[in-house]
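Dear colleague,

Please find the structure below, handed over for your own work.

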Amino acid sequence: MKTVAVIPAYNEQDRVVAAINDATAFVDAVVVVDDCSKDKTVELAKQTGAHVLRHIINRDQGAALQTGMDYALSRLGADVVVHFDADGQMAGSDIPAMIAPILAGEVDVTLGSRFLGKAVDIPTFRRLMLKVAIFFTFWTSGLVLTDTHNGFRALSKKAANAIRLRQDHKAHATEILDQIGTKRLSYREIPVTIRYNAETLAKGQKTSAMFRVASDVIKGKFIH
């Protein structure tokens, strides 16, 4: 059973090597999808021995994940695909617990939950907005979860082939959950640790962007 981590990266030269090395210790291969970075992300990622792909235009995280999953499945023969961030917020040591239920054939997808695990130094307002997102996710997908918009996921080959991301931007996180529901994929939440700091908060998704995410999801799901 081959496990491949897919790491989308955009202007992550200061953190991508550490993230790759962290994931590499727990998977068989790492695919980095550089989303047209303007810094040295590509050069540094290549030096680690990871498989490095590059978008010639910036398409955002959803598109990068789909590119990485396609490559992991078709070129590397992945049996399990792990979504892992380049910014150092996730812990590679959580990967074994994430993939274990899939390797055992118990579920199709595992979803990391920082609220079952640890959300280190998470701002109070961010915590509140994420709690609101839980209700939005239930409304759009019917899934009952303790955490949403957590990018730490693992997918079986079946699930990775079934899920197709059309939302290039941050709405892909909700789109994945929606497809888990509509395609009747089995899932389980796994406690994980997500670490926040001033640098990753400044670079990451702004709280105001959640309204755009909601709009994109509603357009994609209900407006044809």
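The second largest cavity holds about 30 Å³ of space. A cavity here is a set of points, on a 1 Å grid over the protein atoms alone, where a 1.4 Å probe fits but cannot get out. Grid points are joined across faces, edges and corners, and a volume is the space filled by probe spheres set on the points.

Please note that this is a predicted model, in which local features need pLDDT of at least 70 and side-chain atom pairs count only at pLDDT 80 or more, while totals for chains, interfaces and linings use all residues. Residues are numbered from 1 along each chain as its sequence is written, and side-chain values use heavy atoms, with hydrogens and water left out.

The lining of the second largest cavity (residues with an atom within 4 Å of a point) consists of Pro 8, Gln 61, Leu 65, His 83, Asp 85, Gly 151, Arg 153 and His 172. Two of these residues are nonpolar, four polar and two charged. In this division, Ala, Val, Leu, Ile, Met, Phe, Trp, Tyr, Cys and Pro count as nonpolar, Asp, Glu, Lys and Arg as charged, and the others, Gly among them, as polar.

In total, the structure holds two cavities of 30 Å³ or more. The largest has a volume of about 70 Å³, and its lining includes Leu 111, Asp 147, His 149, Arg 153 and Leu 177. Strand E5 (109-120) and helix H7 (172-182) each contribute at least two residues to that lining; helices (H or I, at least four residues) and strands (E, at least two) are DSSP runs numbered from the N terminus. The lining of the largest cavity divides into three nonpolar, four polar and two charged residues.

Strand E5 also contains Ala 119, which is buried (under 20% relative accessible area, with a 1.4 Å probe and protein chains only) at 18%. The C-alpha atoms of Ala 119 and Tyr 196 lie 7.5 Å apart, although the two are 77 residues apart in sequence.

Yours sincerely

Methods:
1 Å grid on protein atoms, 1.4 Å probe; cavity = no way out; pocket = protein on both sides within 12 Å on 5 of 7 lines; lining within 4 Å. Buried < 20%, exposed > 50% of the residue type's maximum accessible area, 1.4 Å probe, protein only.
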